[in-house]
Amino acid sequence: MRRTLIVANRTASTPVLLQEVERRSAERTTSFTLLVPNANRQADWSLEDALKELRKAAKGPHGTREAYVDGIDGGEDAFEAIKLALEEGEYHDVIISPLPKRTSEWLKKDLPSRVEELGVRVTVITPPSGRGFSLFGKGAGQHERG
């Protein structure tokens, strides 16, 4: 079974990320772990809410696939949380889902490159930016690294 670590916070339930989970689940049996750095800072959603959406995506459009989705709260530092998760688990790759480029602290700190240096394949999936940006809106940007 393929194991993928998903790193997201406010973007954990965006359509672009859910579409990628559905696509990967359709290709092969995949276990997803959602790592949420700074989870305690978000008041408008919970880890369980995000996990429900990811499980629904992993089950496919008809809900017929087995879904392997769990979650962990990360610490304050996203890189250190990822590093710890990679040390404690066996993951084939990492999906990082930051906020749009103009507002993303993770991209400003070059988190994807730093994670790649740990020897793991990284895919970056960002929601659309611009006027009217919504974390639950449509459109996407995806970039595979490694």
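View 1. Among contacts (heavy atoms within 4.5 Å) between residues at least 6 apart in sequence, 72% join residues at least 24 apart. This is a predicted model, in which local features need pLDDT of at least 70 and side-chain atom pairs count only at pLDDT 80 or more, while totals for chains, interfaces and linings use all residues. Residues are numbered from 1 along each chain as its sequence is written, and side-chain values use heavy atoms, with hydrogens and water left out. You will find five helices and six strands here, taken as DSSP runs numbered from the N terminus (helices H or I, at least four residues; strands E, at least two). Their order from the N terminus is β-α-β-α-β-α-β-α-α-β-β. Of the 146 residues, 47% count as buried, meaning under 20% relative accessible area with a 1.4 Å probe and protein chains only.

**View 2. The largest nonpolar core.** A nonpolar core is a set of buried Ala, Val, Leu, Ile, Met, Phe, Trp, Tyr and Cys residues joined through side-chain atoms within 4.5 Å. The largest one has 21 residues, and Ile6, Val21, Leu34 and Leu54 have the most contacts inside it. At least two residues each come from E1, H1, strand E2 (30-36) and helix H2 (47-58), with H2 giving the most, six residues. Beyond its neighbours within four places in sequence, Leu54 is in contact with Ile6, Ala12, Leu18, Val21, Leu34 and Val69. Apart from this core lies another, of 18 residues, including Val7, Ala81, Trp106 and Val124.

**View 3. Threonine 4 in strand E1.** Look for threonine 4 in strand E1; this residue is buried, with a relative accessible area of 0%. Its side chain makes a polar contact of 2.7 Å with that of aspartate 93; such a contact is a pair of N or O atoms within 3.5 Å, one able to donate a hydrogen and the other to accept it, and residues adjacent in sequence count only if both atoms are side-chain atoms. Not counting residues up to four places away in sequence, threonine 4 also touches Arg24 and Phe32, among others.

**View 4. The second largest pocket.** A pocket is an open set of points on a 1 Å grid where a 1.4 Å probe fits, with protein on both sides within 12 Å along at least five of seven lines; lining residues have an atom within 4 Å of a point. This one has a volume of about 180 Å³, the space filled by probe spheres set on the points. Of its 11 lining residues, Arg2, Arg23, Arg24, Glu27 and Asp93 are the closest to its centre. H1 gives the most to the lining, with three residues.

How values were computed. Buried < 20%, exposed > 50% of the residue type's maximum accessible area, 1.4 Å probe, protein only.
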